[in-house]
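Here is a briefing on one protein chain. Please keep the sequence and the 3D view open while reading.

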Amino acid sequence: MKSKASAPGKVILFGEHFVVYGVKAILCAINKRITVTAEKIEGEKISIKSNIGNLELETGKLISEINSPLKPFYYLADKILKNENTGIEIIVKSDIPLGVGLGSSSACCVAGAAAISRLFKKTSKEEILSLAIEAEKTIFKNTSGADCTVCTYGGIMDYDKGNGFHKIESEPNFHLVIANSNMEHSTESVVDDVRKFKENDENRFSSLCEIESKLVKDVLGLLKGNDIKKLGIKVKENQEYLETIGISNTKLREMIQIGQNASFGAKITGAGGGGCIYALADESNLKQTINQFKDKNYDCFSVKIDFKGLDTF
Ligand code: PMV
């Protein structure tokens with residue numbers, strides 16, 4: 001018997017970095033997915049096959065001794081296999097670019113938790129989410145859980161450290177053009193640079209947190225009205241705050257300029273220092289936005305919000 005599940009990637013629309021200091025952020029799931037197929041196999045081993053490589057190990061290994069980006073799958077399979085006299089083969093197929101802030105690892109954890117656990121019993125979305133967050137902690141121990149949550153439930157949500165997650169009920173119809181700088185970044189080290197910026201000037205950082213909070217509040221109102229032009233202005237404002245805290249660079253600024261000229265607004269999404277930016281578009285300027293990036297040889301594609309979240313087959 002095979003068990004199959006798929007989960008979407010994600011984009012942080014507003015509030016990255018400031019969210020670390022208690023400000024509300026807004027995230028959405030995107031229609032790029034990871035699909036995981038799990039199957040019981042003979043022998044007490046875990047075999048993982050993916051387009052970034054393979055991993056095959058006996059069960060019962062210490063997670064700290066595994067040095068592979070596929071270790072969340074091993075963690076999940078080993079945990080779920082306890083007291084079962086079998087092995088598992090896991091096959092991962094992804095259309096989410098890896099390691100550029102689009103939620104590929106969270107989507108792996110969510111789809112992996114669902115496909116593997118459902119080989120043995122019917123599990124609820126809540127149980128799957130909690131397993132997925134545990135698995136994600138094997139690669140990023142301070143995860144807020146926000147990414148796995150949006151990959152599980154889909155749609156748009158707001159999140160802050162004090163109050164957790166709230167799904168936003170409106171279903172905006174915009175397109176996001178994602179452009180990839182193809183510059184590797186480490187979320188942990190960019191977060192650390194922002195901490196240094198804050199420690200250097202606490203007053204400045206605290207007033208930036210205040211204006212970012214106000215911006216996110218305004219955005220929550222604008223999302224209800226689906227006013228894309230005004231939303232675009234907020235995207236540009238948010239980018240200015242991200243520039244101020246130092247997470248941008250020459251290449252990202254060039255990409256943002258292209259996005260802002262062609263669409264309603266563009267900003268970095270995620271940690272910055274590399275990774276991706278998004279440009280906010282609708283049917284009227286989608287093609288021209290994509291063409292502008294492609295003309296300058298940028299890797300880009302468009303996505304819409306995914307309202308489905310985790311899917312199991
Ligand atoms: O690079 P990403 O998409 O994983 O985003 C990191 C978001 C930060 O706000 C910079 C860090 C965090 O833990 O929220």
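**Charged pairs along the chain**

K45 is partly exposed at 31% relative accessibility, where partly exposed lies between buried (under 20% relative accessible area) and exposed (over 50%), using a 1.4 Å probe and protein chains only. This is a predicted model, in which local features need pLDDT of at least 70, side-chain atom pairs count only at pLDDT 80 or more, and totals for chains, interfaces and linings use all residues. Residues are numbered from 1 along each chain as its sequence is written, and side-chain values use heavy atoms, with hydrogens and water left out.

- K45 forms a salt bridge with E56, with the closest N and O atoms 3.6 Å apart. A salt bridge here is a side-chain nitrogen of Lys or Arg within 4 Å of a carboxyl oxygen of Asp or Glu.
- The pair links distant parts of the chain: K45 is in strand β3 (residues 45-50) and E56 is in strand β4 (residues 53-58), 11 residues apart. Strands (E, at least two residues) and helices (H or I, at least four) are DSSP runs, numbered from the N terminus.
- K79 forms a salt bridge with E134, and their closest N and O atoms are 2.9 Å apart. This pair also links distant parts of the chain, with K79 in helix α1 (residues 71-81) and E134 in helix α3, 55 residues apart.
- K79 is partly exposed, at a relative accessible area of 38%. E134 is partly exposed too, at 27%.
- D192, D193, R195, K196 and E199 are linked in a network of salt bridges.
- The structure holds 19 salt bridges.

- R33 forms a salt bridge with D306, the closest N and O atoms being 2.8 Å apart. R33 lies in strand β2 and D306 in the loop between β11 and β12, so the pair ties together parts that are 273 residues apart in sequence.
- R33 is buried, with a relative accessible area of 18%. D306 is buried as well, at 8%.
- K308 sits in the loop between β11 (299-303) and β12 (311-312). Not counting residues up to four places away in sequence, K308 touches R33, K125, Y153 and G154. Touching, or contact, means heavy atoms within 4.5 Å.
- The C-alpha atoms of K308 and P8 are separated by 8.4 Å, although the two are 300 residues apart along the chain.

- The chain is divided into domain 1 (2-169) and domain 2 (175-303). These bounds come from an automatic or database domain assignment.
- The domain centres, taken over C-alpha atoms, are 25 Å apart. The contact takes 25 residues from domain 1 and 39 residues from domain 2.
- About 2,600 Å² is buried between the domains, and carbon and sulfur atoms give 76% of this. Buried area is the accessible area (1.4 Å probe) that two parts lose on being put together, summed over both.
- F14, H17 and F18 supply 29% of the area that domain 1 buries against domain 2, more than any other three residues.
- One salt bridge is found across the interface of domain 1 and domain 2.
- K267 forms a salt bridge with E16, the closest N and O atoms being 2.9 Å apart.

**Nonpolar cores**

- The largest nonpolar core has 98 residues, and those with the most contacts inside it are L13, F14, I26, I90, L176 and F293. Such a core is a set of buried Ala, Val, Leu, Ile, Met, Phe, Trp, Tyr and Cys residues joined through side-chain atoms within 4.5 Å.
- This core draws at least three residues from each of domain 1 and domain 2.
- A second, separate core of nine residues includes V19, A25, L27 and V150.
- F14 touches residues including A25, I26, E212, K267 and Y278, leaving aside those up to four places away in sequence.

- Seven of the eight residues of helix α4 (residues 146-153) are buried, so α4 is largely enclosed by the rest of the structure.
- The buried residues of α4 pack against β1, β2, α2 (104-117), α3 (125-136), β6 and β7 (164-168).
- G154 follows α4 and has a positive phi, near 70°.
- Q239 is found in helix α7 (residues 228-244). Q239 counts as buried, at 3% relative accessibility.
- Leaving aside neighbours within four places in sequence, Q239 is in contact with S248, I256, Q260, A266, K267 and I268.
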